[in-house]
Amino acid sequence: MTNRTGFLGRTLAAAGTAAALVLATAAPANAAAAAPTTVEQDVAQLYQYVVDLYNGLPADALRGVDRLIDSPIPHFGPQRRAAQGPIPGCTEGSLLTYADKLAAQLTPLENQAFNALSGLSQLYVQGVASDKTTQVFGTDGQYTPRATDTIERLRGFWDIESWNIQLVAWKGTDLGSQAKMAQTFSLGLAPAKVKAAAALATKVLYEVPALQGGRHPLLTLNAFSAPADSLGGKRVALGDGLLDTVNVLGFDDVSVESVIGHEYGHQVDFAHENYPRNESSEMGPDAYGGYFVAHAKGYAWNARTQQEVTYLDASIGDCYHSHGTPDQRKAAGAWGEKQATSQANPNRILPTATMIEKFQKEYPKLMPPADQPAVAAVAAARG
């Protein structure tokens, strides 16, 4: 069976499971002779269980799934590898910078635990969770009304099949349920190991204090959209950690609507089998989301609130020719908002096929700014 376990920070790609496991469990040289503690043994064993789980998934289980940001915590599953980078003169968005600071506080053992449990929780929310059960958004449920309202508006806004697009809550506290973890491990782990693996997951969750019983934001500091033919089918997943972090950064007023609008934008692309292999795969949904929140039949937000949305878009920009730079993300969202506010008929909703076509024509115009710092640097060097 092909090894599909991908481990990638923003700058590190491991060639295979064995190499990745060595990297994740490496200890300082002066501690090499020390016997591992029980906690270290538990974390290492859980990590291996999750490796085996991902390697046991069907070949197309993770097809099309692309997280909102490239987390500083290495993850299991498909990762977007930067074609080039980093981009000279580019500064990553504030959300990514904040996430990096959180990750830098982790010890190697904590990092390995986060890696395994975050990957496990994503697989639960992608392949097991269902909106047929009550979904609670936010660590204390504070975002549930807004999330429910947003998905209902989106289902009636865009002209794509929407009844089967689930909105599910990505919660680190789900890791504390052995029943849920057993369902998750059953997706790809050998049946004889499932019960022990589920018990170990909940054990590690509570024996590593940094995990905060599943409430540490890094465990769920993300969101994603999945197409119909991936594991679990059409869905948008919204992480509690992402909402908490966006709140800390001052974007709480627009967080839920903007993020769900962006992730639903991926569903727009999926419906038209539009899978760009460049930054437009993320910038397009920024544009569609901007159109939605500014449109008279969306949220009809005013100019000041629309601007806040574009700054949130910028906060998740990166510098690796991956998801788009902060300036590019901001520009894409602003372009979408302008399409809504400049229409002759403010109540007309563009067909999704038209929206995709219009953005793909606009996209090349949004890219040159990323290269300007490099051009300026070369010019300065030449004197």
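Biologist: Phe157 and Trp158: buried or exposed?

Modeller: This is a predicted model, and in it both Phe157 and Trp158 are buried.

Biologist: How many aromatic pairs turn up in the whole structure?

Modeller: The search gives twelve aromatic pairs. Phe157 and Trp158 form an edge-to-face pair, 4.9 Å centre to centre with 90° between the planes.

Biologist: And why is the pair of Trp170 and Phe224 called edge-to-face?

Modeller: Their planes sit at 75°, so that pair is edge-to-face, with ring centres 5.5 Å apart. Over 60 degrees is what that label takes.

Biologist: Where do Trp170 and Phe224 lie?

Modeller: Trp170 is in strand 2 (residues 166-170) and Phe224 is in strand 3 (residues 223-226), so the pair ties together parts 54 residues apart in sequence. Trp170 counts as buried, at 1% relative accessibility. Phe224 is buried too, at 0%.

Biologist: Nice. What lies over the face of Tyr275?

Modeller: That's Arg63, at 5.0 Å from the ring centre.

Biologist: Switching to charges. How many salt bridges are there in the whole structure?

Modeller: Twelve salt bridges come out of the search. One of them joins the side chains of Asp42 and Lys203, at 3.1 Å from N to O. Those two link distant parts of the chain, 161 residues apart: Asp42 is in helix 2 (residues 38-55) and Lys203 in helix 7 (residues 191-207).

Biologist: OK, what does Arg146 form a salt bridge with?

Modeller: With Glu257, and the closest N and O atoms are 2.8 Å apart. That pair also links distant parts of the chain, from Arg146 in helix 5 (residues 144-157) to Glu257 in helix 9 (residues 255-271), 111 residues apart. Arg146 is partly exposed at 22% relative accessibility, while Glu257 is buried at 6%.

Biologist: Last one: what about Asp286 and Arg329?

Modeller: Their side chains meet in a salt bridge, 2.4 Å from N to O. Asp286 lies in helix 10 (residues 280-294) and Arg329 in helix 12 (residues 326-341), so the pair ties together parts 43 residues apart in sequence. Both Asp286 and Arg329 are buried.

Conventions:
Residues numbered from 1 in each chain as written. Predicted model: local features only at pLDDT ≥ 70, side-chain atom pairs only at ≥ 80, totals over all residues. Heavy atoms only, no water. Phe/Tyr/Trp six-rings, centres within 6.5 Å; stacked < 30°, edge-to-face > 60°. Buried < 20%, exposed > 50% of the residue type's maximum accessible area, 1.4 Å probe, protein only. Helix = DSSP H or I, 4+ residues; strand = E, 2+ residues; numbered from the N terminus. Lys NZ or Arg CZ within 6 Å of the ring centre and 35° of its normal. Salt bridge = Lys/Arg side-chain N within 4 Å of Asp/Glu carboxyl O.
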